[in-house]
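Hi everyone, thanks for coming. Let's have a look at a protein together, starting with one spot and then stepping back.

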Amino acid sequence: MDWKYAKILLASTAAVVASAVVKKMCKYFYNLKYAEDQDIHDSCNDIMNLRNREINDVILFSDEASHHLRVMPNKGLKICESREINCFKLIKYIKSARETLDVCMYLITSKEIVEHIIRLGQRHVVVRIVVDSDMAFTPPSQIKKLQEYSFIRVQTNKKPILMHHKFCIIDGPKALKRKAILKQYAEKLNIHAKYTRLDDNHQTKIKQVKGFVMSGSLNWSTQAMAANHESVIVTSHPTIVEKFEREFESLWVEDEPALLAPK
């Protein structure tokens, strides 16, 4: 074989092999980058998937609100977490209420959160709010704004001690039961335009969803979310949800005993 021809053949073969290697490397690094981006995206949005409501989360409002998630040996991926994203997460949890929202909050000044609460009420989510009596109408409190809507019930703390709680319960079992009773009562009296009269054998049912609670140091205020070091624990653990529901009921003064009294 002619040596010149052999060199051309070898060079061509090497070029083909090199091209294939480059293609594979490009594909590998592209897929790796895509997987990393996807993992980062998933890590930020995983907790936003509230379909099954199995939640155990911590939201940190901090100057260094970033963490590392280990996704493969010897490789750390930084998940996206910041004050802005954590505000989004907090509101996302609030907006996920399907039937009831019970809020026990020392101070509410965030106009954005209040707007979302109003929208929940407009979607027939039953909203009850307990606030501290001293802070309820101190500017920039948004309680007067909430009281403009008849479908949102607001009470100031009736007890002589400071109401310093910062928690909310979303679709708690006791609140769901209460809503079902209220709905049945409204249907019986035919006083609510949303409901129609039911047959005697028909029982009003509200779709059962798994409740969860958010609690921590955070007031629902712009100052707290934008500048303070704060933390919020979010959990659907039934024992914890039950304890917070008991605490809320101890503070809420029910003025509808006839409606809630079981037959």
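Let's start with Arg128, which lies over the face of Trp252, at 5.3 Å from the ring centre. Here, "over" a ring means that NZ of Lys or CZ of Arg is within 6 Å of the ring centre and within 35 degrees of the ring normal.

A word on the source: this is a predicted model, where local features need pLDDT of at least 70 and side-chain atom pairs count only at pLDDT 80 or more, while totals for chains, interfaces and linings use all residues. Residues are numbered from 1 along each chain as its sequence is written, and side-chain values use heavy atoms, leaving out hydrogens and water.

Now, the helices. The protein has eight helices and nine strands, taken as DSSP runs (H or I, at least four residues, for helices; E, at least two, for strands) and numbered from the N terminus. How do helix 5 and helix 7 pack? Helix 5 (residues 173-189) and helix 7 (residues 238-251) pack at about 60°, with axes 8 Å apart. The axes are lines fitted to C-alpha atoms over the stretch in contact, and angles run from 0 to 180 degrees between N-to-C directions. So helix 5 is oblique to helix 7; angles under 35 degrees count as roughly parallel, over 145 as roughly antiparallel, 65 to 115 as roughly perpendicular and the rest as oblique.

Finally, how much is buried? Buried residues make up 39% of the 263 residues in the protein, with buried meaning under 20% relative accessible area, exposed over 50%, and partly exposed in between (1.4 Å probe, protein chains only). Tyr149 is partly exposed at 22%, and Phe151 is partly exposed at 32%.
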